[in-house]
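This report concerns the aromatic side chains of the structure shown below and the charges placed over their rings.

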Amino acid sequence: MLTINDKDFQRLVRFVKQYYGIDLSKKKQLIMGRLSSTILSMGFSSFEAYVDHLIRNRKPEDLEVMLNRLTTNYTYFMREEAHFQFFTDTILPYLMRTKKDRVLSIWSAGCSSGEEPYTISMLLKEYLGSKASMWDTRVLATDISQNALHAAANAVYDENSLRNLSASWKSKYFRPAGSPGLYTVSPDIKANVIFRTFNLMDPIRFRLKFDVIFCRNVMIYFDQATKDSLVNRFYDATNPGGYLLIGHSESLNKENTPYKYLKPATYRKE
C-alpha cells in the first residue's frame, strides 16, 4: 500500500472539500487503503504524482474514479423504512389535500444506484392506485457519480437489494433480468424516475420547488459549515409545507436550521 505524506494529504483534502463538499480531513487511512491500487493501475508511483495529476488536469473520468473509491454507495430497497411509512401515512395525505395542480415534486438527492427513487415511485403507485394517471408524480433523482447513475438507469438488482420487499411487490414491480437471482424494475416504475447528474455544492436551480426532498446518508461526508449551507439551499428549494428527510445517522443543528424539527431525521418548512 502506498503512503501519503501530510502535504499531499492536505492538498487532496482541500481539493475534494472545495469542489465536492466532502470532508476527508480524518480519512487518511481510508484514502491510502482505497486509492493505492487505483494510483498504481494508472501508472503513478506515488500519491504526490497522483494528486498533481488530479489538481492540474481535473479529468472528469479520473475524478469520478476517485469519488467512487472514497464514498460508499451502499443501499437497498426500503432502507430506513420508517421514512417511507411517514411518507405514506402523513406526507402523501397532506399533498393529496393541498396540491390542486396534481403535480408532486419529489427529489431524491444523492440517489446512488436508484433504490430510493424507485421505492418512492412504487409507494406513489400503491397510494394513488387507479388515480395515478391523473397526477404528475415523476421523481427527480440526482447523484454526482456517473457510475451510480448508470447503474440506477440500468435498474438491475439482486435478491439482497430486494430483501425488505414483500413477495407481492416483487411480483408487481419487478421482472426477471435474465440471470438467476437478478431483477429489473418494471417499465412503469422506471419511467416515473428522471435521473440527472448534480453536484450538491452547486446552486439549486430546478424549474419547480420541491414538496419532499430525500437527502439521506449523504451529509455524513460533509462538515458542519458545508451541511448548513446545503440545508439552507434545500430550504429555499422547498415549497411551504414541504419536507426534508435525512438519514437516521444524521442530524441538523436545531438552532440554525430554518426547517421545523418534527422527529428524528424528519423536518418541515412551515
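## Aromatic cluster

Phe77, Tyr118, Tyr157, Phe174 and Phe195 are joined into a cluster by ring pairs. Rings of Phe, Tyr and Trp (its six-membered ring) count as a pair if their centres lie within 6.5 Å; planes under 30 degrees apart are stacked, over 60 edge-to-face, and the rest tilted.

The model is predicted: local features need pLDDT of at least 70 and side-chain atom pairs pLDDT 80 or more, whereas totals for chains, interfaces and linings use all residues. Residues are numbered from 1 along each chain as its sequence is written, and side-chain values use heavy atoms, with hydrogens and water left out.

## Pairs around Phe206

Across the whole structure, 19 aromatic pairs are found. One of them is the edge-to-face pair of Trp107 and Phe206, with 5.2 Å centre to centre and 75° between the planes. This pair links distant parts of the chain, 99 residues apart: Trp107 lies in strand β1 (residues 106-109), and Phe206 in the loop between β6 (193-197) and β7 (210-215). Strands (E, at least two residues) are DSSP runs numbered from the N terminus.

Trp107 is buried at 0% relative accessible area, while Phe206 is partly exposed at 29%. Phe206 also pairs with Phe198; the centres are 5.2 Å apart and the planes at 50°, so this pair is tilted. Phe198 is buried, at 12%. Buried denotes under 20% relative accessible area, exposed over 50%, and partly exposed in between (1.4 Å probe, protein chains only).

## Charges over rings

Lys254 sits over the face of Tyr261, 3.9 Å from the ring centre. Lys269 is placed over the face of Tyr235, at 4.5 Å from the ring centre. The criterion is NZ of Lys or CZ of Arg within 6 Å of the ring centre and within 35 degrees of the ring normal.

Notes. Helices (H or I, at least four residues) and strands (E, at least two) are DSSP runs, numbered from the N terminus.
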